[in-house]
Amino acid sequence: MEWLSAENVIAVVTALLGVAASTGLVWYERRVPSQKRLGYRVQTDNPIGNEVSSGRPNVRTGFFHHSLNMDDATLVLLRIENDGSRSIARDDFTSADRHGLTAVFEDRVIEGVSVTEPTGDGDLTSYFTEERGFGYEGNRLRIPRVPLNRGDYFKLLVLLTGGDVGREVRLVGGIRDGRVHRNRGGTPDDKPPVFSFPARVLTALLTVSVLVLAGIILLRDGNPIECERGELTVTGSTAFAPVIEEIADKYEDKCQGVDITVDARGSEAGVADLGALVRDDKGGAGSVIAFSDGPLGARWGLKGQGIALSVFTVVVHEGVGAEIDRAGGLSVPELQEIYRGDAARWGDILPDAPPAIAGLPIVMVSRGDDSGTRQVFQDRVLKHWEDVPSTSLDCGTPPSSDSSRTRCELGSTREVLNKVAARPGAIGYSELRFAEDHDKLALVALDGHKADINLIAQGATDYPYRDVEYAYTAPSPEALTTSFLDYLETGGSREIVEDGGHLPCSRYRQLCR
């Protein structure tokens, strides 16, 4: 219902980020790496002579010692490889000359070249001929059009003079539908990585997204609680009882050695019984929770917390309901008139109703004094008006013929709904979700506002018949009592509360104030 809560937004954004990362990974690995790529890197750039300023003096003998111009000589090992995902053919080189690439050694002169470590199924050395453009001049080395399968490479050992080690070495040339680029390797013979750097970034992003989403799920639905053993009694509100029964079953499944008894006898009765236990100090009060429709525990000195916002509704027999709908519902003053006993028949409230409806006696089906649903109705709708006295045990014929009003009190919400559905002209009240699931009833709009829990959650209606469901405990509750109340704040419990037609205070705090 409040799907735009902060945790839901984070969860959705994180999930979308994960999907985007995985989609991007697939796209990148299928599209970007499918370009032809020729990589190169300098694996060795060492001094030979003593006069190489940034090198170190070397001990030389033989050719290196006796040959001329060796004082400033350097030796470079250049690796050239196909590090893409597609093979490179001789025709893929874009050079207009016979050779395909040119290696340029900045500020140095080439004295000799050796092709080393050719790999692949064929003999790559056969391509290194003068007829195919292989040769050098000054600081430029012409490299033939060498076809390379994915992962194939060759190395060029180049003897240079006239410059220092570390001077720039670059490869000039192009590949059709691809590129020539400088790559990196940790060791001289490292293979190209299975995944490219962007692909690894996307993979890491996807992993983080999944972990964050899993964390959110744990916080929402699996927030760890301290399981306690023992017995717990839950009493009070009959309207909230189905929700508590389901949550209690979940808690017992989660925590072994727990026995939770749900004994819903009405908000007033449950709170009064707990208050008496605390007052008389007879023991056992610490393992009791009393749920109440509205704040009933203050006069007993009980410890309370808001659990959910409960929504109630006025209901009428379906025959009357059609006429009330045409009139746009009932106003609060009209309900006050009914429950003061000032209106005897529906024609007093609906003057334009047809005779069959207008002549129906108004039958008020109520709950007993211990009902929180009744207390909320009196406080929020009737504005503390007292109901007319009960005139019947079963809302049948009044016991005395001179009585012009029919009102009865029943023990449960289900009984009220059944009686209103069965008795033409009857009116009553109920928790919203119970009424929505019942046939032959009509829900009554109050002051033009319908009982719509979605509109209430959005803060878009002033519908009056609603109140906070409180959980009351002794001032010093037992550990199991505290644990169960903590469990009510978890994501799984909140979903049960919402499915039961209530709005959890932990998610809709502004409505529970």
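Biologist: Which residues of helix 14 are buried, and what makes a residue buried?

Modeller: In helix 14 the buried residues are G491, S493, R494, I496, V497 and E498. The word buried is used for a relative accessible area under 20%, exposed for one over 50%, and partly exposed for what falls in between, with a 1.4 Å probe and protein chains only. A helix here is a DSSP run of H or I with at least four residues, a strand is a run of E with at least two, and both are numbered from the N terminus. This is a predicted model, in which local features need pLDDT of at least 70 and side-chain atom pairs count only at pLDDT 80 or more, while totals for chains, interfaces and linings use all residues. Residues are numbered from 1 along each chain as its sequence is written, and side-chain values use heavy atoms, leaving out hydrogens and water.

Biologist: What follows helix 14?

Modeller: Helix 14 is followed by G501, which has a positive phi near 90 degrees.

Biologist: Which residues gather in the patch of negative charge, and what makes a group of residues a patch?

Modeller: The surface patch of negative charge consists of E245, E246, D249, D253, E495 and D499. A patch takes residues with over 30% relative accessible area and no salt bridge, joining like charges within 9 Å and nonpolar side chains (Val, Leu, Ile, Met, Phe, Trp, Tyr) within 5 Å. Asp and Glu count as negative and Lys and Arg as positive, while His and the chain ends are not counted; the charge is placed at NZ of Lys, CZ of Arg, CG of Asp or CD of Glu.

Biologist: Which helices supply the negative patch, and how do you know that E245 is partly exposed?

Modeller: Helix 4 (241–254) and helix 14 (491–499) each supply at least two of its residues, and helix 4 gives the most, with 4 residues. E245 lies in helix 4, and its relative accessibility is 39%; that value is between 20% and 50%, so E245 counts as partly exposed.

Biologist: Why is the pair D45 and R108 called a salt bridge?

Modeller: A salt bridge is a side-chain nitrogen of Lys or Arg within 4 Å of a carboxyl oxygen of Asp or Glu. The closest N and O atoms of D45 and R108 are 3.0 Å apart, so the pair qualifies. D45 lies in strand 1 (residues 36–47) and R108 in the loop between strand 3 (101–105) and strand 4 (109–116), so the pair ties together parts that are 63 residues apart in sequence. R108 has a relative accessibility of 2%, which is under 20%, and therefore counts as buried.

Biologist: How do you know that E436 and R433 form a salt bridge, and where do they lie?

Modeller: Their closest N and O atoms are 3.3 Å apart, which is within 4 Å, so this pair is also a salt bridge. E436 and R433 are 3 residues apart in helix 11 (residues 432–436), and so are separated by about one helical turn. Both count as partly exposed, E436 at 43% and R433 at 26% relative accessibility. Elsewhere, salt bridges that share partners join D369, R374, R407 and E409 into one network, and the search of the whole structure finds 18 salt bridges.

Biologist: Why are D177 and K440 called exposed, and what is the phi of each?

Modeller: D177 has a relative accessible area of 55% and K440 one of 53%, and both values are over 50%, so each is exposed. Phi is near 60 degrees in D177 and near 60 degrees in K440, a positive value in a residue other than glycine. D177 is in the loop between strand 8 (169–172) and strand 9 (178–182), whereas K440 lies in the loop between helix 11 and strand 17 (441–444).

Biologist: Which residues does V278 touch, and what makes a contact?

Modeller: Contact means heavy atoms within 4.5 Å. Not counting residues up to four places away in sequence, V278 touches A285, L302, A474 and P475. V278 lies in helix 5 (residues 267–280) and, at 24% relative accessibility, counts as partly exposed.

Definitions and conventions. Areas by Shrake-Rupley, 256 points an atom, 1.4 Å probe, with all protein chains shown as cover.
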